[in-house]
Amino acid sequence: MDRELLEALADGAAAVTAGAHLARSLRQAYDARQQELGRQLWPEPRIAPWEEWLAEQWMALLPGLENLAYLATEAQILALWRRQIGGDADWDAAALARQASDAWDLSRAWRVAPAGGTAECDAFVRWAAAMEQELRRRNWITAAQLPDRLRDLLTAGAVAPWEPGAVIPVGFAPLTPQQAEFFAAWQAAGGRVRGLPEPAKPTPRGAARQAAFGSERAENEAAAAWARRQLERGRRRIGIIVLDLARRRAALERAFTLALEPAAWLPGGGAPATFHITLGPPLAEQPAIAAGLRILRLLAPGAALPVAEAEAALRSPYLAGGAAAAGDAARSARGRAVAALTATRQIGVTLGGMLRAASAANADALAQRLRQMRAAAAAWPVRQSAAAWAESFSAVLAAGGWPGEELGSAEHQAVGRWNDLLDEFSGVAAVVPPLTAHQAAEQLAALAAAQAFQPQAPAAPVEILSPEATPGLSFEAVWMLGAHAAAWPPPASLNPWLPAAAQRGAGLPRITPDAAREWAEAATKRLRAGVQEAVFSFAPPDGAVAVLPSSLVRDLPALGEAAAPAWPAGVPAATQEPIPDEPAPVATPENGEPAAIAGGAAVFTDQSLCPFRAFAHHRLHASGLDSPAPGLDATARGQLLHEALYRIFPALADAEGWVTVPDAAECRRLAAAAAAQAVQDVAKDMAKYPAMAALRTPAFAALETERLATTVAEWLVEVEAARGRFAVSLAEQQRVGEIGGLAIRWRADRVDRLRDEGGEETIAILDFKSSRQHGRGDWAGERPRNLQLPLYAQFVAPPPAALAFAVVQPGKMGFAGAAAADGLLPGCKPYDTPWAEQLAAWRQVLEGLAAEFLAGRAPVAPQPGACDLCDLQPLCRIGELAGAPEVDEGGEESEAGGDGQ
């Protein structure tokens, strides 16, 4: 911070800053300077943000001046704007209130009078006129009007300048016309306004560089590593300037925490002390506040939460009994409640549904709190004032034990800001009529979403901030991220609610391309001035192929290899601490009988894909929770398809079981009847088919019946009719087999009897799938990706002559598999290896995998792609191992029948 400014503050001057962050930074710099001088006590300096400085004086004047207008809160002003806009049926008042408020502030700060000309400008003229009239009727003013009112009082001599020393504007780049007029009136009334000369800050030769990166992640990590090196060199004022900081905030926080304070990720690690991000996320996104808002939305009559939010509410540490002090048993009970809730396959979860889940899991403490909140909410009136709702909401949250017992400093501050917000919301009662619980909760949530929250923290040597927040600050080293041609200079920005010509005439910064460039040039020059090192980097934003450097920095020399992190990004834990990989206990019983392991073919498939996956699924009985989605997922539709097909073939079989598929018209009739019967039967048995709860809705059931009938008819006509005669000898019947010492329960989708060209009977095992992502390649290699059909082949007699996936996908119907000879099943060719040898090779693979599983071999060793659809991500240690594969979380698996295990 400039030494002359700090000395002026010590002499009694008052600093008025452009923003709260600058005021905080200036106060911290002043305190640090006093400590450098060896002082233990010193007077508090006069430092305040512009709006806070004016509001403080206005509130001091209220008791002494007659008929002084009331300074309305932001919540009240937004509510008034909603009223003005709400009368205009062509606009969404809730969405536009803040935009209108911003345009109102801008028009006063830059002297841009509202005027018509476009639909937006015409609307704003109406709203602004109505707003002016309403404010006069109430004798209210807004923060945007306050400088003009105080200027008029200073000019009339009604008040005198209230600062005894000089006033120093800091960080205004530039002063708006409104601010300039105010300070002119201040001086005319006898006050002093002091400007500080721009200090000479020569830029060291070669101090600035540009750096290109292939991704924003690499750019973030390089900047974090560079900041660490600056700290190691003893620099204590390091600026990380980020274009589009709001979007990149979370990624930057991860990168800088890993590079500067990795211990902060550990439980109880506390907030990082070496870096500070000036742009905080909305208050509504703070975990404690998000939990409270979630509860309030749930308590409104008839309300339901998406299942993911309901799960978060059940797990929340911000309800009584959810913190670590409650013990493992209480938290385990909450986990069981989440599992019970997910098992119901509900899309929207009511408070009653959450209470039933908690009760079913014996989460008694949680259930008691939910009942207390329900009882408190039951006493709510249909409508009441915002002030009354603020009290009601506080009471019901307290009944649930919110915000919990173990809050950190940042959480305490967030709850304190929430209480302030409730007070502001109470003031809305003067503007809006009585609200329903839903309306009140939504308006409160909107206010919390509009409030940026940054917890107070000690000064940090690394500051991460936007270019707009840099005026008035000084650094020893600077890195700007995102300085590519499309973002720096920033695009010109016109406010759509005010006349464009008037905005250009007023000289608003960044209002035209030339003005935006001029502003960016000044910012770039200011950032480079006097620093020991400056880096301007760029990388393609998400979805972009490539970007060019900004024209403002493209002539700078390249940073080169120095930009690379000093250590590998994301150092695997395996290189930092030993991770013992001992085998699990042997699974074979002592009496020598085959080990009965639940899981069917999935035991072998899992062991093949990743031994730990098999151990976790089939020894620990661990599994991920379902994620209910609207309608039916791929697995549910596959089950429904098989139910329909299962009902058709018995009616077509002769006395010996041989089937002759009828003509197309009869196939469509059979398909329609089977689909209707399958949907009807499934809808009656939700205990067996919880994933098909949507079929209880008549309209959805009708649509699904039509879709299913069309699909089944296409399969019959295009595939089954072309096969010739066949017999369905086994379908959906559970059997038991043993291989490699494992007793396996298995259930094939279908086992067909066929006749080869010589008239000899053979067997084909079919597994129905709803997509063509499966094929004979799934069975290849020493560790195949899918062992379901090769396993079933070991249990039928005589041995099958064909194994195939029956792909039932509209427009892509057919078989995908292998056969002992050509012609047995369409699309199924023989292997080069004789069929008997192939069956024996599969048995050898299966026996080897069974031996591994029984011996307890369970390392985290996934095959390529095995993690894509794994549900054990939170449990396994794949992320801690060197060379861990990237996990694609967007994959989907399509299953249609089979044992599904």
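1. Buried residues make up 49% of the 901 residues in the protein chain of this predicted model. The chain holds 28 helices and 25 strands. Of the contacts with a separation of 6 or more, 74% are between residues 24 or more positions apart.

2. The largest nonpolar core has 92 residues. Those with the most contacts inside this core are W81, F124, W127, W418 and F425. Helix 11, residues 287-299, gives the most to the core, with eight residues. A second, separate core has 47 residues, V661, L695, A802 and M813 among them. As background, nonpolar side chains in soluble globular proteins tend to be buried together.

3. W81 can be followed through its contacts. Leaving out residues up to four places away in sequence, W81 touches A97, A100, S101, W104, F124, W127, A128 and M131. Two of these partners, F124 and W127, are also named with W81 as having the most contacts inside the largest core.

4. Helix 11 also packs against helix 18, residues 437-450; the two axes come within 10 Å and cross at roughly 160°. An angle over 145 degrees counts as roughly antiparallel, and helix 11 and helix 18 are therefore roughly antiparallel to each other. The crossing of helix 11 past helix 18 is left-handed. On the helix 11 side the contact uses L293, L296 and R297, and on the helix 18 side A441, E442, L444, A445 and A448. By class, this contact has six nonpolar, no polar and two charged residues.

5. Helix 3, residues 50-61, and helix 8, residues 177-188, form another pair, with axes that come within 13 Å and cross at roughly 45°. Helix 3 and helix 8 are therefore oblique to each other. Helix 3 passes helix 8 in a left-handed crossing. W50, W53 and L54 of helix 3 meet Q179, F182, F183 and W186 of helix 8. The residues of this contact divide into six nonpolar, one polar and no charged.

6. Helix 3 and helix 8 are also among the elements that cover the buried residues of helix 7, together with strand 3 (70-71) and strand 4 (140-141). Helix 7 spans residues 146-156, and its buried residues are L146, P147, D148, L150, R151, L153 and L154. Just after helix 7, G157 takes a positive phi of about 80°.

7. How many residues of helix 21 are buried? Eight of the eight residues of helix 21, residues 602-609, are buried, so this helix is largely enclosed by the rest of the structure. The buried residues are A602, V603, F604, T605, D606, Q607, S608 and L609. They pack against helix 22 (611-618), strand 19 (735-739), strand 20 (742-746), helix 27 (788-793) and helix 28 (835-855).

8. Is A390 buried or exposed? A390 lies in helix 16, residues 386-399, and at 6% relative accessibility A390 counts as buried. Apart from neighbours within four places in sequence, A390 is in contact with L422, F425 and S426. From A390 to G427 the separation is 37 residues in sequence and 9.9 Å in space, C-alpha to C-alpha.

9. R356 is in helix 14, residues 351-360. R356 is exposed, with a relative accessible area of 56%. R356 and L341 are 15 residues apart in sequence, with 8.2 Å between their C-alpha atoms.

10. Two cis peptide bonds deserve a look. One joins W402 and P403, with omega about 10°; P403 is in the loop between helix 16 and helix 17 (409-427). Another runs from A797 to P798, with omega near -5°; P798 lies in the loop between helix 27 and strand 23 (802-807).

11. Positive phi values occur in residues other than glycine. Phi of N67 is near 60°, and N67 sits in the loop between helix 3 and strand 3. N67 is exposed, with a relative accessible area of 62%. Phi of N139 is also near 60°, and N139 is in the loop between helix 6 (119-138) and strand 4. At 29% relative accessibility, N139 counts as partly exposed.

Methods: Residues numbered from 1 in each chain as written. Predicted model: local features only at pLDDT ≥ 70, side-chain atom pairs only at ≥ 80, totals over all residues. Heavy atoms only, no water. Axes fitted to C-alpha atoms, helices over the stretch in contact; angles between N-to-C directions. Helix = DSSP H or I, 4+ residues; strand = E, 2+ residues; numbered from the N terminus. Parallel < 35°, antiparallel > 145°, perpendicular 65-115°, else oblique. Left-handed = near helix turned anticlockwise from the far one by under 90°. Contact = heavy atoms within 4.5 Å. Nonpolar A, V, L, I, M, F, W, Y, C, P; charged D, E, K, R; others polar. Buried < 20%, exposed > 50% of the residue type's maximum accessible area, 1.4 Å probe, protein only. Core = buried A, V, L, I, M, F, W, Y, C linked by side-chain atoms within 4.5 Å.
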